[in-house]
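Here is a short report for a reader who is new to this structure. Please look at the sequence and the model first.

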Amino acid sequence: MFSKSKINDPAPKTDDAAKPAAKEASAVPPAPAKASEFKSSAAPKAKPAASTLSSDLHITGNLRTTGDIVVEGTVEGDIRAHLLTVGESATIKGEVIADDVVVNGRIVGRVRGLKVRLTSTARVEGDIIHKTIAIESGAHFEGSVQRQDDPLSAGKAAAPAVPPAAAAKPAKAE
């Protein structure tokens, strides 16, 4: 492409021109890196494609993944995922827990998510526990909405501070 003009540079002597080329050719290549070094510095892995449950699929049972799920069919059971997209023809009967939940279809059960979005075609019958929520005009929703900073871990019952057996016993007076 472009190179620096060498108008003002003196012409190299024939011996000088051969020396830089010889130096470059005799240069020792750097030692190859260890395999373990490549693992940490390698390019990030490609995100796997979302698992799609087609409209003719009916699942009875729970689904759990760290990836993304697109449901177009029917699921009778709980779903836990990173991103859950409920298609317009989909029906889920069970609890949904995901970082991101986009509802275009029907959910009968509790929804827990950091970001929950009900589109205009959404039909939700159950409580929604969220960090952020968006409900488009036309969405049908029956239930309660509750904001929590960490809605994903709130599903686990907190251990009581005092065990029930200890709380039932009267204290002895000395």
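Glu 76 lies in strand β5, residues 74-76. Strands here are DSSP runs of E with at least two residues, helices are runs of H or I with at least four, and both are numbered from the N terminus. This is a predicted model: local features need pLDDT of at least 70, side-chain atom pairs count only at pLDDT 80 or more, and totals for chains, interfaces and linings use all residues. Residues are numbered from 1 along each chain as its sequence is written, and side-chain values use heavy atoms, with hydrogens and water left out.

Buried means under 20% relative accessible area, exposed means over 50%, and partly exposed is in between (1.4 Å probe, protein chains only).

Glu 76 touches His 58, Ile 59, Thr 60, Gly 61 and Lys 93, leaving out residues up to four places away in sequence. Contact means heavy atoms within 4.5 Å. The side chains of Glu 76 and His 58 also make a polar contact at 3.3 Å. Such a contact is a pair of N or O atoms within 3.5 Å; within protein, one must be able to donate a hydrogen and the other to accept it, and residues adjacent in sequence count only if both atoms are side-chain atoms. Glu 95 is 19 residues from Glu 76 along the chain, and their C-alpha atoms are 9.5 Å apart.

Now to another strand. His 130 sits in strand β12, residues 128-135. His 130 counts as buried because its relative accessibility is 6%. Beyond neighbours within four places in sequence, the contacts of His 130 include Gly 113, Leu 114, Val 145 and Pro 151.

Which strands pair with β12? The table lists them; two strands pair if DSSP finds at least two bridges between them.

| Strand paired with β12 | Sense | Bridges |
|---|---|---|
| β10 (residues 111-118) | parallel | seven |
| β14 (residues 145-147) | parallel | three |

Leu 118 has Ile 135 of β12 as its bridge partner. Ile 128 stands opposite Val 145 in β14.

Last, the whole chain. It has three helices and 14 strands. Of its 174 residues, 25% count as buried. Among contacts with a separation of 6 or more, 6% join residues 24 or more positions apart. The chain exposes about 12500 Å², and carbon and sulfur atoms supply 56% of that area. Accessible areas come from the Shrake-Rupley method with a 1.4 Å probe; for residues, only the protein chains shown count as cover.
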